[in-house]
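Let's take a walk through this one together, from the overall picture down to a few backbone details. Keep the model open while you read.

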Amino acid sequence: MVCDFKSHADLGNQILKDLTDNPINCRANSVHVTFDDGPSSNITPVILKELKLREVKASFFVTTTNLAPEHPKYKENRAIVLETMNAGHLIANHGHNHDAYCLRMNGKGETLDKGFTQKEREEQLAKSIELLQWSTGGKYKQQTPQLFRFPYGRGAMPSEMELQKMVSNGEIVLKGKTYKEQLAEYRHLSAPLQTLAGANLSHLGWNHDSSDSSFAVKMPSDDVVRSYILKNLKGLCTDPQITKVALFHDIKEMNMTAIPVILDIGKCLGLKFISAQEMVKDKNLNKTGVLIDKQDVLIGMTKNIIETLDETKHIGVNQCTTVTEGHKTCYSKDYEKTYQHCTGGDSVCFDGEWKANTDPIVVNNCHGK
Ligand SMILES: [Zn+2]
């Protein structure tokens, strides 16, 4: 294999030798490269230069604390954001500070972050939009597509454990039985996604994680960089039929060396590096939830409201149903009133039927709690 190296030729040739020993069967995937958490005044400009050399357009999900006057390098960082946009890359939003927009748990079920309240979400979003507008002379909002990525991805793709916790906390009511069904419902009911849709923002996650966040910010050893590049090329080359949305961070020094080699050898292997505008055309990204379009969130919300209204219409005498309003409540057609579950006055909604609150089953199950 002969590749055209625009820089880092030694490292590139070493990787080519590694690939000769352990070949990758590469599919001609389209790849959209994304960078989170920047800008970084010493790393982002180098990455911009390498992208320009190869005419690759990427998305940069900016963490806007880097642009706030409290940040020691905010002036430089703002200039980098404007330069990035002027070079034809997409400036996207990664929120203001880097806390989670929704519950975040680790694999053991321990809570790492309880997630913003609705008020905090709205404030964070408003602040980040204002700082991006300010840094780009108002041009940020004129871009298409308008993309946001939640810190840690939380708010778009909760784990099964996180979903169960939200349901048991009463934060969300889901009808679906399987995790997949619940995830589809969550995309329409999630307050973080609705907040984005309200601000005209779609959510872009990723389906290829470079795993650079598990490395230190400073440059690791040559061997580590080499295996990092190989692992990424392998990942980007496999699983066809869908555009790869690749997650990198422009606050990691190793990417100054790794990105140019990944781009050069990737191209050589048949990968096509595409812009954000080309990426959003792949409808498989919507189907798999990697891209959650603001329109789909709004249509889903409306559908859910209509279904809920429909349910309340079909209530017979002495029957009740549960309606979704963040927590379980019961509606009585007789009294034309909504009651909290298990807390009626003279009667109580229990298992879909109104019962006297002296009924022993109800007393045991509701009042006995
Ligand atoms: Zn991040």
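First, some ground rules. This is a predicted model, where local features need pLDDT of at least 70, side-chain atom pairs count only at pLDDT 80 or more, and totals for chains, interfaces and linings use all residues. Residues are numbered from 1 along each chain as its sequence is written.

The chain holds 13 helices and 16 strands; these are DSSP runs numbered from the N terminus, with helices being H or I of at least four residues and strands being E of at least two. Of the 369 residues, 38% are buried. Here a residue is buried if 20 or more other C-beta atoms lie within 10 Å of its own, exposed if 12 or fewer, and partly exposed in between, with C-beta atoms placed from the backbone. Now take the contacts with a separation of 6 or more: 74% of them link residues 24 or more positions apart. A contact means that the C-beta atoms of two residues, placed from the backbone, lie within 7 Å.

On to the inside. In soluble globular proteins, nonpolar side chains tend to be buried together. The largest nonpolar core in this model has 70 residues, and Ile91, Ile229, Ala258 and Ile262 touch the most other members. Such a core is a set of buried Ala, Val, Leu, Ile, Met, Phe, Trp, Tyr and Cys residues joined through C-beta atoms within 7 Å. Helix 9 (residues 254-269) gives the largest share, nine residues. If you leave out residues up to four places away in sequence, Ile229 touches Ile15, Ala258, Val261 and Ile262.

Next, look at strand 1 (residues 30-36) and strand 2, which run parallel and are joined by three bridges; two strands pair if DSSP finds at least two bridges between them. Thr34 stands opposite Ser59 in strand 2. Along strand 2 (residues 59-62), Ser59 and Phe61 point one way, Phe60 and Val62 point the other way, and all are buried.

Phi of Asp37 is near 80°, a positive value in a residue other than glycine. Asp37 counts as partly exposed because it has 19 C-beta neighbours inside 10 Å. Gly38 and Pro39 are joined by a cis peptide bond, with omega about 0°.

There's another cis peptide bond between Thr144 and Pro145, with omega about -10°. Pro145 sits in the loop between helix 4 and strand 6 (147-148). His8, in the segment before helix 1 (9-21), also has a positive phi, near 50°. With 20 other C-beta atoms within 10 Å, His8 is buried.

Finally, the helix pair. The axes of helix 4 (residues 118-135) and helix 7 (residues 191-198) come within 10 Å and cross at roughly 35°; axes are lines fitted to C-alpha atoms, for helices over the stretch in contact, and angles run from 0 to 180 degrees between N-to-C directions. Gln118, Arg121, Glu122 and Leu125 of helix 4 meet Ala191, Pro192 and Thr195 of helix 7.
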